[in-house]
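Please look over the sequence and the structure below. A short briefing follows for a reader new to them.

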Amino acid sequence: MGTGEARYKNGNVYEGKIKNGKMVGEGSYVWTDGTKFEGSFVKNSIDGKGTFAWPDGSTYTGDVKSGLRHGHGCYTNEQAGYKYEGQWKHGLRDGEGTLTYSKGEKSSGYKGSWVKGLKEGYGEYTYGSGNVYKGEWQQNKKHGNGSMFWYYPNSVILREKYVGSWENDRQNGFGTHIWMEEKGESRVLRNRYVGQWKDGVREGWGMFFYANGGVYKGEWRGGLKHGVGRMVYENGEEYNGEFAKDRMVDRTLDGTVKASGESDKLQSKYYATERARFEVEGNPYDTMIDVSDIICLEQLENLSQPTAVLEYVRKYERIPSVINRLLLQHNTQLKKWYKHYSREVDCPAIEEGFMLVSSQLWRLFRDAKVLCLNFSLAEFDRVYVQGRRSKFSLKYDPLLGVEKEIIPINSKELSMEGRKDSIDCSNIIPNELGMAHEENFIEESFNDETDVHSGMRPMLFRHFAEAIVRASFVCYQDSDASLRDKLEKFLSEKLTPRLGEVMSKSSSIEPASSLSFKFGNVFDGVNRKLFEVFKLHSLNTNDKIFDYTISVSTFFEMAAKVLDELKMEKIDLVELLERDYDPLCKADAILANEDLAEEDKNKQYEEHVKGLLKKELIYYEFKEFIAELALCCNKDEDYLKEFVNHWIRINSCLLYTSDAADDMQCVDLGGRRIIKKKKH
């Protein structure tokens, strides 16, 4: 082997190592057009690694085979402003690779899979405008499942987002498009379409969620509402019928059908006047809420005289209107509470909108200290979900073209006892983890409507208003007062003064977060296991409905085991659980009552504790109290994580017994153990 130069008849030149008259080893080859290769040769063939340089200034450095780019390499064309680095096959981009374009200040590029020089398979494309597509490709076109993100010019703020099916570079099939507007005074949702597409426009069956809370469900054509559909306005009004080119067919402004023979011009003028009058004189709550299921029509069965029945029916017809008038009187306050808790307190990281979710409503009840022996979050949830208008789901089945909604509770059973057994669960799809089915509870599925106690159930303002009415019903369930009187007392004596004090404090300082929200990162990794422990001890006997709760007595037993294992200081669990209770309904209130003799105090205290033992805790409260218990001993976040893991380990078996519980100052109540309030 030696080094030499070979000049060919066509003008090409080789310089490098030669063996037996053949190019072998390192060398350079120059074509007559100026193209040059420097690298390795094998038996007169360009093979191995090397660098190509073309007359236009472009270069390739990498693997070569039989004179073609093959393997891994980098191609750069500074004149055209692009660069590719990745896999090659027979001279074409093939496999995983990154192609970038850069001209001036703008740049774009693709990172993903290639086949025969074309984008094929999964890849991410960043456009010069800053927009991004992530998904599947076919022959250089978006095809399959993918997500498109549109950003504001020269900004990292997301403007629109589409997630779904693509065909021939356009949205085709099923997909979701969200307009990512910022918060506004009347905006509780982001405009959002969920449904079918054809050639980039809405076509077929779909649902559109409007920013003000209105929803359209029905057929689309050419991007417009066209065909059979249902429109539910933000105030609860509904229209079911035909649509043509985005307009309702034969529907007047007040919701009635047009009279035949009337001119459209006269009708429009008349109906516009009527609608304007209605908006001024009407009560919006007449269409926003429906609490007929808790206005006990069963009383009719006890009325034997026809005149008595007639009188009761007349009275019943007036009940909804007097309730709605009371809500209207407190309208400003209700909206203030809704806005505060939906936007400033325990806000979950969800992209669908800015509406209240059920965990924030629970926080409102805790701040207002309405919890007591008669009012638990578990009981409230069951009364709330039975409402006809309380359901608002963002779930959609593309095969059926319908929502998946929770089946309402049978309204015939109005007593608190046995309410769980009255739930019709025949059509609910099982999910063995309930609301803890995601590792990250904070980013839990926004659509988990099958869990009675889901912390992420979306609530528009009309749902919130109805929830307040239903909460008053639960709070004063033992009272003979009318529902209107219960609501007035609930608003004037509990919510208004107590929430006013809470919100006045939070205006000057950052609102304190619920512990399960504040330490969400602690619970994220163990959420699934912790819920399994909660489910293991649950009172729920119906595995077809997600109504998992545990009794307070069970929680006390679990806590006693952990306290003993960790040799922690004994903690007053009664005081801990009643921290957010109505001050007048706490065990402390009994012990502080100077009008009672000591014997009567102890007797009432014992009765109070017995009632407390029977109360139910939902998973949200379960996590809160675990965090409270740990932080009473150590404020460190790492300690909380260790404590939660210890709780899971110790309470993962129902057969566990703690002899050390006998060392604690406690009282046996029906086989259950509870930490008793120390006498001072």
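Predicted model: local features only at pLDDT ≥ 70, side-chain atom pairs only at ≥ 80, totals over all residues.

Residues are numbered from 1 along each chain as its sequence is written, and side-chain values use heavy atoms, with hydrogens and water left out.

**Cysteines**

- The whole structure was searched for disulfides, meaning pairs of cysteine sulfur atoms within 2.5 Å, and 0 were found.
- Cys372 has its closest cysteine sulfur in Cys585, 4.7 Å from its own sulfur, which is too far for a bond.
- Cys372 is buried, at 8% relative accessible area.
- Buried means under 20% relative accessible area, exposed means over 50%, and partly exposed lies in between (1.4 Å probe, protein chains only).
- Cys632 is partly exposed, because its relative accessibility is 42%.

**Helices H4 and H5**

- Helices (H or I, at least four residues) and strands (E, at least two) are DSSP runs, numbered from the N terminus.
- Helix H4 spans residues 331–343 and helix H5 spans residues 358–367; their axes come within 9 Å and cross at roughly 115°.
- Axes are lines fitted to C-alpha atoms, for helices over the stretch in contact, and angles run from 0 to 180 degrees between N-to-C directions.
- On the H4 side, the contact is made by Trp337, Tyr341 and Ser342.
- On the H5 side, Gln360, Arg363, Leu364 and Asp367 take part.
- Contact means heavy atoms within 4.5 Å.

**Helix H17**

- Helix H17 (residues 637–650) has 14 residues.
- From first C-alpha to last, H17 reaches 20 Å, close to the 20 Å expected at 1.5 Å a residue.
- That expected span is 1.5 Å times one less than the number of residues.
- The buried residues of H17 are Tyr639, Leu640, Phe643, Val644, His646, Trp647, Ile648 and Ile650.
- These buried residues pack against helices H10 (520–524), H11 (527–536), H12 (552–565) and H16 (619–631).

**Loop residues with positive phi**

- Lys43 is not a glycine, yet has a positive phi of about 50°.
- Lys43 sits in the loop between strand E4 (36–42) and strand E5 (45–53).
- Lys43 counts as exposed because its relative accessibility is 65%.
- Asp246 is not a glycine either, and has a positive phi of about 80°.
- The loop that holds Asp246 lies between strand E20 (238–244) and strand E21 (247–248).
- Asp246 counts as partly exposed, at 35% relative accessibility.
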